[in-house]
Amino acid sequence: MYKIHGTFCAALTPLSTDYTINKELFFEHCNNLLLDGLDGLAIFGTTGEGNSLGVQEKIEAINYLIDNNISPDKLVPGTGLCSIRDTVIYSKEVAKLKVKAVLVLPAFYYKNVSNEGVIEFYKRVVEEVGDSDLKYILYNIPQVSGVSIGFEVIEQLIKLFPNNVVGMKESSGNLDNMLKITKYFNDFSLFSGSDSLALKVCKRGGAGAITATSNISGKLLCYIINNYKKELEIENFQLLQKLQEQIRETLFTHEPISTLKSFLSVKNNNESWNRVNPPLIKILHPKDHKTVISLIELVKKMDVLLAGA
């Protein structure tokens, strides 16, 4: 089985005044994340407000990134939508661009669906896209989607599509479940959706992480994941891990997407960052916002600690 691994950022999507994608700022942000050492970018997922944006404008933005020399092999677009047809259309288009993989939510409007229904959704998507080279990363975030992707679903999809279904982003926060998956599915790429849990998951065979917090602490998470096997040789390794946990915990004391955008608007002195699509609401005075202020101080500590690592 083809295994994907590394540290990926669930990248934010900056917006223009008319709430379309600000392509120039999007490119700048994505490029900066890659310069920080991230292995790739999971664009238009939850943090990227993917389900608040139209399929065509997302495709246009992906083309813009590639046209400006961001390698498609660095991109993992979120393509899972409620409509199978739209999921197929979107996935087909990005497959043509030779992206690294697609991150696919299960159809998420109907609740209390069966495992058979979830399997059938993915089965139809993979078959109708019809690309033997396209890699699929399942996306389990039941606290948001209302749909869980359990062992039976993973097992059946691997049997049906061993060359396509290669991994999963696990954002449920259930560490025991993540460790069971890494143990049971040896060649399956299990990504932690939590920065705090990524170290424990990687130590037990996980493939890495795909996280929101890495929009502001990507350098730190990359260092932890790239160097965990040398943990005992790095004097301040536990301090780095503790700081990563503090940054994530602080971020999630407020709605994380608006907070991340407010943080970047202050850090980069660019008000264009401070826009979100409804029903999310932007932070009106980010310079005075308690969470933003705390994150700025923590990120300063990050740079100091990494310099001494």
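Trainee: How many disulfides does a search of the whole structure find?
Mentor: The search returns zero disulfides. Please keep in mind that this is a predicted model.

Trainee: What about Cys-9, then: which cysteine sulfur is nearest?
Mentor: That of Cys-30, at 8.1 Å. A disulfide requires the two sulfur atoms to lie within 2.5 Å, and Cys-9 is in no disulfide.

Trainee: Is Cys-9 buried or exposed?
Mentor: Cys-9 is buried, and its relative accessible area is 0%.

Trainee: Changing topic to strand S5, how many of its residues are buried?
Mentor: Six of the six, so the strand, which spans residues 165-170, is mostly covered under the cut-off of 20% relative accessible area.

Trainee: In which sense do S4 and S5 pair, parallel or antiparallel?
Mentor: They pair in the parallel sense, over five bridges, with S4 covering residues 136-140. One of the contacts joins Asn-140 to its bridge partner in S5, Glu-170.

Trainee: What about S5 and S6, over how many bridges do they pair?
Mentor: Four, again in the parallel sense; S6 comprises residues 189-192. Within that pairing, Gly-167 stands opposite Ser-189 of S6.

Key:
Residues numbered from 1 in each chain as written. Predicted model: local features only at pLDDT ≥ 70, side-chain atom pairs only at ≥ 80, totals over all residues. Heavy atoms only, no water. Buried < 20%, exposed > 50% of the residue type's maximum accessible area, 1.4 Å probe, protein only. Helix = DSSP H or I, 4+ residues; strand = E, 2+ residues; numbered from the N terminus. Pairing = 2+ DSSP bridges.
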